Amino acid sequence: MADTVTMTDNRTGKQIECPIIDGVYGAPVIDMKSLYKELNMFTYDPGFMTTAACRSSITYLDGEQGILLHRGYPIEQLAEQSSYLEVCYLLLYGELPTAKQFEDFRANLNQRNMVHEHLERFYTGYLYDAHPMSMLIGVTGALSSYYHEAMDINDPVDRELTALRVIAKMPILAAHCYKHSVGHPFVYSRDDLGYVENFLNMMFSVPMRDYEPPAIAVKALNMMLILHADHEQNASTSTVRLAGSAEANPFACIAAGIVTLWGPAHGGANEAVLKMLAEIETPENIPKFIERAKDKSDPFKLMGFGHRVYKNFDPRATIIRKVCHELLDELGDEVVDKNLLDIAMELEEIALKDDYFIERKLYPNVDFYSGIILKALRIPTSMYTVMFALARSVGWISQWLEMMEDPEFRIGRPRQLYTGSESRDYVPMDKRG
Ligand code: SDX
């Protein structure tokens with residue numbers, strides 16, 4: 001039995017054999033590269049529902065089983081036992097670091113945890129109430145101007161240096177977005193603090209006093225960053241890969257990823273969930289919103305529900321829901337908004353019993369509960385997607401690195417099915433009807 005799929009054009013009877021390629025896990029792929037040359041046809045797959053765009057060894061998802069692996073390690077174990085910085089190392093280099101490797105990694109990042117003082121002037125161009133994602137897009141794109149001539153993306157040493165710069169500088173840029181929005185002075189990164197403690201210090205410390213984050217806040221944010229670090233070929237990662245395939249500046253590629261993540265259908269959903277829960281206001285209003293979500297004439301969707309890949313449950317949502325309760329038990333409802341959590345849980349319970357959601361396999365995704373934790377950490381709603389972008393920046397740059405080193409690397413250039421006018425001659429303005 002040949003490892004091929006036979007494609008037959010029944011209009012001409014012409015057949016081609018397309019090789020089947022197996023991965024370590026998951027659906028095998030059909031190598032369709034010869035389709036256009038042999039059968040003069042393209043595949044048609046809007047939204048890339050069944051298209052594998054690349055080979056990758058970074059992350060594996062199983063949507064039916066609710067499995068998420070990073071370099072083979074289950075997300076549940078990483079969230080429980082690892083740190084975000086260690087997961088950064090794992091995503092970048094493919095293995096968990098030894099103690100020495102991890103210390104060297106941290107030292108390398110500490111060499112790059114400053115941004116040019118002039119970059120901070122970019123923030124002054126934004127009104128204080130500009131959406132922080134609009135700021136992050138701008139300043140991350142601007143970062144490319146500091147590392148354009150001095151970087152050769154064809155040099156593996158420069159590529160690794162770029163990845164270290166992204167990991168070291170993104171928390172600074174993200175924290176500055178918040179500081180600009182509240183009119184506080186920017187806080188410099190510190191070598192003596194861990195990644196999460198350093199970020200929270202840049203977010204919340206003020207000149208008059210140091211900021212000591214509660215241990216539970218550090219633990220919760222560390223877990224949140226791990227859960228959002230990478231997720232296979234999602235929309236924003238695919239954007240970074242496509243931009244990178246044109247050999248664009250990698251910082252500009254990351255900015256393109258941030259642009260895509262901002263969409264409420266993608267990373268912007270975490271902010272949209274909080275707004276939706278606040279709009280629902282009381283559990284009694286839930287049925288009205290469930291009906292709106294089912295009404296095709298109403299553009300309202302249940303934010304935080306549904307996923308292109310997970311058709312059973314999002315393992316990240318399960319972990320986040322558990323941490324919500326731990327935070328509530330430890331910090332009490334003066335910090336964790338119990339009303340929001342109650343509405344979220346009641347909404348989840350009602351939706352998961354409703355045939356509309358059951359038939360369409362719509363379950364809570366990573367964004368459904370994450371906002372409740374971020375709110376408990378005193379992070380404003382407008383910063384939620386910035387937090388997602390911060391976490392995902394290591395996934396984007398890891399996927400960019402993998403693409404740049406891929407022997408099959410080439411510029412991404414999809415085709416189309418043309419449905420426009422047939423060829424016609426130009427008509428001078430005075431001859432038109
Ligand atoms: C993220 O890809 C990733 O990995 C993304 C992510 C990551 O880590 O990078 O996991 C992060 O983006 C999570 C998703 C966050 N977005 C939301 O929570 C927004 C609400 N969700 C929907 O917009 C939607 O579910 C998507 C965008 C997440 C998935 O869209 P799909 O796969 O294209 O699903 P679909 O639009 O084909 O929906 C199938 C059906 C449709 O109804 P029918 O036409 O079959 O009648 O389900 C309906 C949809 O209208 N539907 C919803 C719904 N989601 C899908 N109806 C109401 N509420 C919803 N949330």
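This is a predicted model: local features need pLDDT of at least 70, side-chain atom pairs count only at pLDDT 80 or more; totals for chains, interfaces and linings use all residues.

Me: What makes α9 a helix, and which of its residues are buried?
Reply: Helices are DSSP runs of H or I with at least four residues, strands are runs of E with at least two, and both are numbered from the N terminus; α9 covers residues 235-245. Buried means under 20% relative accessible area, exposed over 50% and partly exposed in between, with a 1.4 Å probe and protein chains only. Ser236, Thr237, Val240, Arg241, Gly244 and Ser245 are buried. These buried residues pack against α10 (250-261) and α17.

Me: Why is α13 called roughly parallel to α16?
Reply: The axes of α13 (residues 315-331) and α16 (residues 366-376) come within 8 Å and cross at roughly 30°. Axes are lines fitted to C-alpha atoms, for helices over the stretch in contact, and angles run from 0 to 180 degrees between N-to-C directions. Angles under 35 degrees count as roughly parallel, over 145 as roughly antiparallel, 65 to 115 as roughly perpendicular and the rest as oblique; therefore α13 is roughly parallel to α16.

Me: Which residues of α13 and α16 make the contact?
Reply: Among them are Ile320 and Leu327 of α13 and Tyr369 and Ile373 of α16. Contact means heavy atoms within 4.5 Å.

Me: What makes β4 and β5 a pair?
Reply: Two strands pair if DSSP finds at least two bridges between them. 4 bridges join β4 to β5 (residues 67-70), and the two run antiparallel, so they pair. Tyr60 stands opposite Leu69 in β5.

Me: Where does Gly66 take a positive phi?
Reply: Gly66 does so, near 65°, in the hairpin of β4 and β5, which has 4 residues between the strands.

Me: What is the order of the strands in the open sheet, and why do β4 and β6 stand at the edges?
Reply: The sheet has 3 strands in the order β4-β5-β6, with antiparallel pairing. β4 (59-62) and β6 (73-74) each have a single partner strand, so one side of each is left without a neighbour in the sheet.

Note on methods:
Residues are numbered from 1 along each chain as its sequence is written. Side-chain values use heavy atoms; hydrogens and water are left out.
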